[in-house]
Amino acid sequence: MSLFNVYPLFDITPVTANDVYVYDDKGAEYLDLYGGHAVISIGHSHPAYVKNISEQVSKLGFYSNAIQNPLQVELADQLENISGCKDYQLFLCNSGAEANENALKLASFHTGKQKVIAFKNSFHGRTSAAVAATDNPKIVAPINAQQEVIFLEFEDLEGVKKALQNNDVCAIIIETIQGIGGLDEASTAFYKGLENLCQQYNIVLIADEIQCGFGRTGDFFAFQKHGITPHIISMAKGMGNGFPVGGILIHPSIEASYGLLGTTFGGNHLACAASLAVLKTIQKEQLMGNAQQIAEYFVEQAASIPQLKAVKGRGLMLGLEFSFPIADLRKNLIFKHHIFTGSAKNPNLLRILPPLTIQKQHIDVFFDALKKELS
Ligand SMILES: Cc1ncc(COP(=O)(O)O)c(C=O)c1O
């Protein structure tokens, strides 16, 4: 049987990994500045993570959501402590798309309305409502196109107001910092404006923190810099450090009822063990502080690259924008220098999404390689 051929693959086969390094089947070492697409938060094969998951699987790997699972309660408490988001409620699922799917569904249940406002260049996942709110017609199938989504530009508050006049919008969904779209972030005035309009028109504000959350920017959630209180916060990627886990934090103003949302695997014992290890390690190793410090160092070093047009993003969610397509540069970084980086919708943008454990010496290795490639 062949694999359904949807991924263009680099010819590299990782077999082991440790912290910021990945090793292939020939024993070659790669510096991971991509984190498997912003997934690796506390570093590959972190001992606390391996221990927590191994111990859990040897006791109980899975049981359904029909029984008490104290690990879910512990995870909710730890999330409240570390994020400072008080009195939210936690619903667990398995991926980023599922988190947004549940967020949008809940917004529609809560308000009784059905239209969604999303933003140009957005990416919210590939399930039904999430992909309809994603600004990429290539991945929206006819079956998804029945969702009514209005796409607007960041900063277009007037456009948002106009779109609300019929009072049929249930949710505004926004990536606080866009990921694949190219690391754009709106102004605090815009986020606050959205928050006010949501209150005025009974609309659910969904902060998609799937890529920018879980400590990656140096704040636990990226929206916290803007001082807003979203109704729903969606999470995944760094939440499990590679274990498939996602979730939404739901504001206390939105009430639960039995059967409203549900999942077989979401919040299973192993997923909770993985995510608890991530939270404990972020705190113990002060990884949010490290993200901030290393990001500052990275930006300082970037100033010495004359070919650079701009450094975009913040924390350890960064993009280097050039005036030429970066596809060849990225390939050379991988095959000649053994450094993984990421691409974006903008062909001139090289993305940097390393584990939050990264150190200055790794950034030096990257800039040495970059200078060699650009000289
Ligand atoms: C901002 C954002 N939202 C949603 C998703 C979808 O997550 P998943 O691939 O886990 O379904 C992604 C994945 O890249 C993302 O970056």
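Strands β11 (residues 310-314) and β12 run antiparallel and are joined by five bridges; strands here are DSSP runs of E with at least two residues, helices are runs of H or I with at least four, and both are numbered from the N terminus. Two strands count as paired if DSSP finds at least two bridges between them. The model is predicted: local features need pLDDT of at least 70, side-chain atom pairs count only at pLDDT 80 or more, and totals for chains, interfaces and linings use all residues. Residue numbers start from 1 along each chain as its sequence is written.

**Strand β12 and its partners**
- Arg314 has Met317 in β12 as its bridge partner.
- The hairpin of β11 and β12 has two residues between the strands, and Gly315 takes a positive phi near 60° there.
- β12 also pairs with strand β14 (residues 349-352), in the antiparallel sense over four bridges, and Glu321 stands opposite Leu349 in β14.
- Strand β12 (residues 317-321) is largely enclosed by the rest of the structure, because four of its five residues are buried. Buried means that 20 or more other C-beta atoms lie within 10 Å of the residue's own, exposed means 12 or fewer, and partly exposed is in between, with C-beta atoms placed from the backbone.

**Strand β3 and its partners**
- Strand β2 (residues 21-24) and strand β3 (residues 29-32) run antiparallel, joined by three bridges; the bridge partner of Val22 in β3 is Tyr30.
- Four residues lie between β2 and β3 in their hairpin, where Gly27 in the turn has a positive phi of about 85°.
- β3 pairs in the parallel sense with strand β13 (residues 339-340) over two bridges, and Asp32 stands opposite Phe340 in β13.

**Ligand shell**
- Ser95, Gly96, Ala97, Gly125 and Ile210 come nearest of the 14 residues around the ligand, where near means a C-beta atom, placed from the backbone, within 6 Å.
- Helix α4 (residues 96-111) gives the largest share of the shell, three residues.
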